[in-house]
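User: I would like to learn how to read a structure like this one. Please take me through its features in turn.

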Amino acid sequence: MTWLTDLLAEYGEDIAQSMAETGYMMLVSLLAAVLVGLPLGTVVYLTERGGIAEHRVINTVANLYINVVRSFPFLLLVVFLIPFTRAVIGTSFGTQAATLPLCFVAVAIYARLTEQILREIPAGISKVAVASGATVPQAVFRMLLPEARSGLVYALTSAAISLLSYSTVLGVVGGGGIGDFAMRYGYQVYNDNLMYLTIVIIIVCVLAIQAVGHRTSVRLDHR
Amino acid sequence: MATDLPAIVEFRHVTKRFRPDSDERPALDDVTLGIRPGEIFGVIGESGAGKSTLLELINGLTRPTDGDVRVRDVSVADLDRAGLRRLRRDVGVVFQGVHLLSNSTVRDNVRLPLRLPRRDENRLTAAQQRDAVDEMLSFVGLSHRAAHFPAQLSGGERQRVGLARALVSQPSLLLCDEPTSSLDASTTADVLRVLADARDQLGTTVIVITHDLDVVKAICDRAALLEKGRLRRIFEIDVGGPRSLPSYYEQVERELTA
């Protein structure tokens, strides 16, 4: 096991730094998913034909955003967004700049997952909402989202794991992160052991996210 | 006979077509009837006869293609959004399948309608809401279930929670779609007792869709028979003597012995 202690002694600080970068990118993009993706997915659900706030234009526009962003191969989206990133962040390079395209994807993924989960709520719940004289916001906040919360947490878990995977590509714009670290040392420097070690670290991260998400989701579910 | 009492719900030549441009048979076809305050009114008929459509026209969930539906002498079609919301808060509904919130306790499910009015629409205070919910849970005989979740209840109990939710805001009108269709005789009796109590103690007018004629005989004052969207006949139910639901065993004896 001396190879492991040697590796950690030499690269431990770099690994920690990369983990922090990944953590930052994930945190910000998950925040975007919840703050923007969740409302966007809810709007798509509500404005669908037959929905309780049917609205064709809003529905089409919201769907268009989600579909277009999700159509991009992620690497291409990162490159495509460079001018925009430069305008908003001031630079197109580094962890902060790399987080922006990740946020776009996070919003699109989570919006679609939110819509799907809301669709699984029995239609009778919306009918009860309307029949009891609830306004649309009341139906959403007092009935639909509480019914969906367990599924929403589970979907966020899924989204987080996808984002972890997406974030590995962000090395191209200097995003850093643990995935980029593995690519650089494993693929470019051919330090196999170091690559294996980082892969194990990523797997452990995924297992941890999955476990926390699963447990939270089960605890919230009384069906 | 109190036929001259002003009707609480009135259908005037109501026709409902779900696809007005096709020539398929309308879901409701020129139906005229009045429901008197304080009665328990049954709606019977085969599936597809238009029973649920009739119910949904009363609280504006669907709109008539022709004719006029009036609740307390106001045409439902004339109401704006806010007016419709106010009407709906005064009309309790229990749909087939009840549809309770599965992640909320029985208490929170029942409390839901009380949280919907805005502060300036004389919403009850939190303490008043709690009292109203407790009172309603004891009214339907489920005080001991307050902290449970719907998945922990039996079908009959869920139905009664649905009734408690529909009645908690003291509506003048209660609409029930097949409240006993999935229940056996003894749990049916529990549910029917709540309906009768709602009328007797709270003064609620009750409109109940059912396919079970024993239910009609047990609690209804009148019943409308629909056939393929048309009103075929209104029956005055007069069963001389005390009304009660036959027990399961009486039902079996009656139906299965010659």
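**Reading the model**

Analyst: A:V57 counts as exposed because 8 C-beta neighbours lie inside 10 Å of it. A residue is buried if 20 or more other C-beta atoms lie within 10 Å of its own, exposed if 12 or fewer, and partly exposed in between, with C-beta atoms placed from the backbone. A:V57 sits in helix α2 (residues 56-71) of chain A. Its C-alpha atom is separated by 21 Å from that of A:L113, 56 residues apart along the chain.

User: Where do these numbers and letters come from?

Analyst: Residues are numbered from 1 along each chain as its sequence is written, and chains are lettered from A and ligands numbered from 1 in the order in which they are written. This is a predicted model, in which local features need pLDDT of at least 70, side-chain atom pairs count only at pLDDT 80 or more, and totals for chains, interfaces and linings use all residues. Helices (H or I, at least four residues) and strands (E, at least two) are DSSP runs, numbered from the N terminus.

User: How many helices and strands are there in chain B?

Analyst: Chain B has eight helices and 10 strands. The radius of gyration is taken over C-alpha atoms, and the globule rule is 2.2 Å times the number of residues to the power 0.38. For chain B the radius is 19 Å, close to the 18 Å from the rule for 258 residues, so the chain is as compact as a globular protein of that length. Its C-alpha atoms fill a box of roughly 60 × 50 × 40 Å along the principal axes. Of the 258 residues of chain B, 42% count as buried.

User: In what order do the four strands of the open sheet in chain B stand?

Analyst: Two strands pair if DSSP finds at least two bridges between them. In this case the order is β2-β1-β4-β5 of chain B, with antiparallel pairing. β2 (28-35) and β5 (74-75) of chain B are at the edges with a single partner strand each, so one side of each has no neighbour in the sheet. Five bridges hold β1(B) and β2(B) together, and B:K16 is opposite B:L28 in β2(B).

User: What lies across β1, β2 and β4 of chain B?

Analyst: Axes are lines fitted to C-alpha atoms, for helices over the stretch in contact, and angles run from 0 to 180 degrees between N-to-C directions. Helix α1 (residues 51-58) of chain B lies across those strands and runs at about 120° to β1(B).

User: Which strands does β9 of chain B join?

Analyst: Strand β9 (residues 222-227) of chain B runs parallel to strand β3 (residues 40-44) of chain B, with four bridges. There B:I44 stands opposite B:L225. Six bridges link β9(B) to strand β10 (residues 230-236) of chain B, and these two run antiparallel. B:R222 has B:E236 as its bridge partner in β10(B). The hairpin of β9(B) and β10(B) has two residues between the strands, and B:K228 in it takes a positive phi near 50°.

User: Which residues have the most contacts inside the largest nonpolar core?

Analyst: A nonpolar core is a set of buried Ala, Val, Leu, Ile, Met, Phe, Trp, Tyr and Cys residues joined through C-beta atoms within 7 Å. The largest has 120 residues, and A:A106, A:V107, A:Y110, A:A159 and B:A164 have the most contacts inside it. Helix α5 (residues 95-120) of chain A gives the largest share of this core, 16 residues.

User: How many residues from each chain take part in the contact?

Analyst: Two residues are in contact if their C-beta atoms, placed from the backbone, lie within 7 Å. Chain B gives 20 residues and chain A gives 19 residues. On the side of chain B that touches chain A, the largest share, four residues, comes from helix α2 (residues 81-89) of chain B.
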